[in-house]
Amino acid sequence: MEIKIIKEARKSLLLKIVSKDEIVVKAPLRTADAVIQKFINSKKLWIEKHIKRMNMLDDFASSFDFAHLIYENGIPVMETKNLRLDYEKLSEKTKLKSIKNQYLSMFSVLKERTIFLAQKYNFKVDKISYCSSSVKWGSYSSTGELKLNYKLIILPEHLVDYVIVHELSHIKHMNHKPQFWKEVEKYYPDYKKARKEMKLYSFVLKTKF
Ligand SMILES: [Zn+2]
């Protein structure tokens, strides 16, 4: 990883992760090198955390052949051939809205997968809709409505399947008791591993957009 240090007419120190291989530090003209180094060291954990996120996003991207993801303001963004947004020109609020719209435009993929799995495992779903939540990937209500968080679209397919199977299993058991997990296991034997893996992606869930 390369750390580029730029001294310029400015009042404070700034650190920016440009890419996984490039970090830029901007400092006021007369800042001592030791001060800059200390500043970089103090941001080490933060840098590591963000690089880890970026690597994870690359993994997301490799599971999709119709889109790839770019990382924008801490939020994974899908970029397709037909859809390329000029983010620099957008306001913060518009950016978030456009990212959400991208996710929503692909919700049909999640819906189709749910219909497919419901048919395969003999579940009857009355309604499939999307939800926006920072705590839940999906839900099933006694009114027969299955909701999926639109952020799921960027998870690897096997985890999307896990969430769908989990919610479908709630049709039979509206709780998380052992019988429920037995139901999940019937269709998704590796569910324990999937649950652990889901934790890795909680940052996507927690990102508000
Ligand atoms: Zn549940």
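**Walking through the fold**

Colleague: What does the secondary structure of the chain come to?
Modeller: The chain comes to 8 helices and 8 strands, taken as DSSP runs numbered from the N terminus (helices H or I, at least four residues; strands E, at least two). This is a predicted model, where local features need pLDDT of at least 70, side-chain atom pairs count only at pLDDT 80 or more, and totals for chains, interfaces and linings use all residues. Residues are numbered from 1 along each chain as its sequence is written.

Colleague: And which order do the strands of the open sheet have?
Modeller: The order is β6-β8-β7, 3 strands with mixed pairing; strands pair if DSSP finds at least two bridges between them. β6 (127–131) and β7 (138–140) each have a single partner strand, so one side of each is left without a neighbour in the sheet. The twist averages 20° from one strand to the next.

Colleague: In which sense do β6 and β8 pair?
Modeller: Parallel, over 5 bridges, with β8 covering residues 145–149. Cys131 stands opposite Asn149 in β8.

Colleague: Switching to helices, what span should α4 have?
Modeller: Helix α4 (residues 107–120) has 14 residues and should span 20 Å at 1.5 Å a residue, counting 1.5 Å times one less than its number of residues. Its end C-alpha atoms are 20 Å apart, which agrees. Asn122 follows α4 and has a positive phi, near 65°.

Colleague: Last one: how much of the chain is buried?
Modeller: Of its 209 residues, 17% count as buried, meaning 20 or more other C-beta atoms, placed from the backbone, lie within 10 Å of the residue's own.

Notes: Axes are lines fitted to C-alpha atoms, for helices over the stretch in contact, and angles run from 0 to 180 degrees between N-to-C directions. A residue is buried if 20 or more other C-beta atoms lie within 10 Å of its own, exposed if 12 or fewer, and partly exposed in between; C-beta atoms are placed from the backbone.
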